[in-house]
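User: I have a structure to go through, and I would like each label set against its definition. Could you take me through it?

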Amino acid sequence: METKQIANKNVTFHNYNTVIVGSGAAGINCGVHLYEFMERKGINNPQDRIVVVTAGLGLGASRMSGSDKQTYYKMGTSPDVADSAEEFAKSLTAAGCCHGDTALIEAIVSLREFYHLVQVGVAFPTDTTGIFIGYKTDHDPYERATSAGPKTSKFMSEALQRQLQRYGVRIIDNQEVAHLLTTGSGSDRRIAGVVTIDRTSINKSNYAMNVYLGENIVLAAGGPGELYKTSVYPKGQLGIHGLAFKAGLIGANLTESQFGLASIKFRWNVSGTYMQAIPRIFSIDAEGKDEKEFLTGFFPTMSKMATDIFLKGYQWPFDPQRIENLQSSLIDILVFNETQKGRRVFMDFLHNPVDRAGMKEFAVDDLEPEAKGYLQKAGALQKTPIERLAHMNTPAIEIYKENGIDLYSEPLEIAVCAQHNNGGFAVDKWWQSNIPHTFVIGEMAGTHGVKRPGGSALNSGQTGGLRAAEYIINAYGCELPDYSGKKADIEKQLSQLIGRIETYKSSSGLTAEEVLEEVRSRMTASGGHIRELNDAQKALKYAIELYKSIQQKGFNSKDATALITAIQAEHLALTSVAYLKAIVELLKQGSGSRGSHLVLAKDGIEIHPDVIDKATNKPLKFKPENKSLRDSILHIEYDQSSPDLFRCETIKLRPAPTERKAFEPAWKDYREGKIYNS
Ligand SMILES: Cc1cc2nc3c(=O)[nH]c(=O)nc-3n(C[C@H](O)[C@H](O)[C@H](O)COP(=O)(O)OP(=O)(O)OC[C@H]3O[C@@H](n4cnc5c(N)ncnc54)[C@H](O)[C@@H]3O)c2cc1C
């Protein structure tokens, strides 16, 4: 550790072999594996060579998010149903835009990482013979899913953290990333370190700056949760996408955000048993009056409507391919429609769905076979939704109780929320980014395609952490970095950053909270689950104007305490430009409705005869998916000289490796480290 004066500011430098940004399930797991690989190499005191820096140990999706039984998707562990990595990979790549190599690796590594979690103490349930019991989730044809309850990812992070702390690896909390230090250009470009502001050090006039230099950098800062206004990401989950773009990382599949029904007072997904209990869904006006059974008018029978509510349990994300002919994603559209009218929508677990004139009363016996069979098998034939939910999953009720909501006495407000990004930053089969020595894992990595089976995000995060750690130790080694030859370059960037932060105190600057609010509102309105080219183009134009205006005017932060919000507003504004640029580009390619977003088109397919376009007073229509784009991925890269600040490129998919070597030659390659050469 060394402290230097740069631009009249004390800056403290720390040196590590690997710096991990983010303490979610992905980042911490990578730290655990790095330690273990270093130890296996005979390195003394590996804990002194690895560090995790994070804005908040208790923050992020892993620690704060979940659902009725938060899912971990792994290869099947049933004793009588055979599964294979190739079959698993096919489920990941089924809807396209997903590299074959990373999908196969996520499959191959899945059980290794699942058992690793079991070993560090995550209580995944077994039966008396030790079978890890599986169930079915969205986009999952097998029963590969398992769960440790509503808080699976929290338990994962905590168990991994305990392991990391047993190893003595330091987690440095309250470090807000303000910049990624870069050196060199072209193939010599590196991210040399991470610059943070210590959140605990900030007072009215000053703040402390740290620089974590690393031979290797692992970015695990999660998704850009704060990008959307209507969101189930935990509050305060910012991510560092804007900073990563500026450092030169290439984004992939950014257009593929996932949206779905979630509670908004306490941010939580209402998937699985919340829907399978089949609650009544109703709306009220802004004054809390005029209660309406708004769904009933769109369904011919109670059986169809109640079955669709049930199916939302494991067809949870909004899916434009499940709208036509009264399929389950029509529910999301109708909920969204209702909220667009300024009304509020609730799930009521005390009552069954209420019929309208001409409809039969709700009865489990009248449900369509899939729903009826499931409830019968689960023994969930109680009279009311809350009784059925209590029978199937009491922890799902308790999690709301812990957060001040009693489902026995109050309805649950819901909306169609942003919850995950299948895209992120492009990585190779070792989760290395386009910049050598920089790895991207967890939700920040863009390894998912257009659709992913529910639960595969957590598997992907663990896989990425293992792969990055293995490659770092075996291909790049365990030494500390030496940036003495880059001192001038590094200090210049730090001076510029400190100068830039000074402009955040300009009296004529923008207000950071207002910038954040503008970004979020625009993304929810124009980059959410319903998209249209003209609208997205306008949104992109305004997003670029906002970012340029931040560059010119800075912020009007009165003192150092507001610095963090200003830093966040600047990089989130750039992130929103990237997302909108990718959305516009994909719409221009004629992508149509896919994944978790619907594209409006005058000459498209009718959503429902009674879902009306206000502008034309005719039924709203959507463009079906252009399946010819399934074998490509949209890349996006920051380019200051481009009018839109970013440029896009469509790349072909990498296939899954098919070569299978005999044991002896494969063993030789492994012994000689040749497996890290390609
Ligand atoms: C409601 C909900 C339900 C979900 N359910 C499932 C599910 O059932 N199954 C599944 O597989 N996935 C699910 N997901 C997705 C999954 O939880 C996330 O993708 C995963 O937890 C991300 O892990 P991560 O380690 O990459 O990032 P996170 O857990 O989000 O951690 C990010 C870390 O980076 C830090 N950080 C962020 N920004 C900054 C910054 N600017 N400076 C410094 N540090 C920063 C944070 O403090 C945090 O430590 C769900 C997500 C949500 C929101």
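**Labels and their definitions**

Analyst: Gladly! Strand E10 (residues 251–252) and E23 pair in the antiparallel sense over 2 bridges. This is a predicted model, in which local features need pLDDT of at least 70, side-chain atom pairs count only at pLDDT 80 or more, and totals for chains, interfaces and linings use all residues. Residues are numbered from 1 along each chain as its sequence is written, and side-chain values use heavy atoms, with hydrogens and water left out.

User: What makes E10 and E23 a pair?

Analyst: Two strands pair if DSSP finds at least two bridges between them. E10 and E23 have 2 bridges, so they pair. Within this pairing, alanine 252 stands opposite histidine 635 in E23. Strands themselves are DSSP runs (E, at least two residues), and helices are runs of H or I with at least four, numbered from the N terminus.

User: How do you know that E23 and strand E24 pair?

Analyst: There are 7 antiparallel bridges between E23 and E24 (residues 646–652), and isoleucine 636 stands opposite cysteine 648 in E24.

User: Why is strand E23 called mostly covered?

Analyst: Buried means under 20% relative accessible area, exposed over 50%, and partly exposed in between (1.4 Å probe, protein chains only). In E23 (residues 632–638), 6 of the 7 residues are buried, so the strand is described as mostly covered.

User: Why are strands E12 and E13 said to stand at the edges?

Analyst: The open sheet has 5 strands in the order E12-E11-E15-E14-E13, with antiparallel pairing. E12 (268–269) and E13 (280–284) each have a single partner strand, so one side of each is left without a neighbour in the sheet. Further in, E11 (residues 257–263) pairs with E15 over 7 bridges, and phenylalanine 259 has alanine 418 in E15 as its bridge partner.
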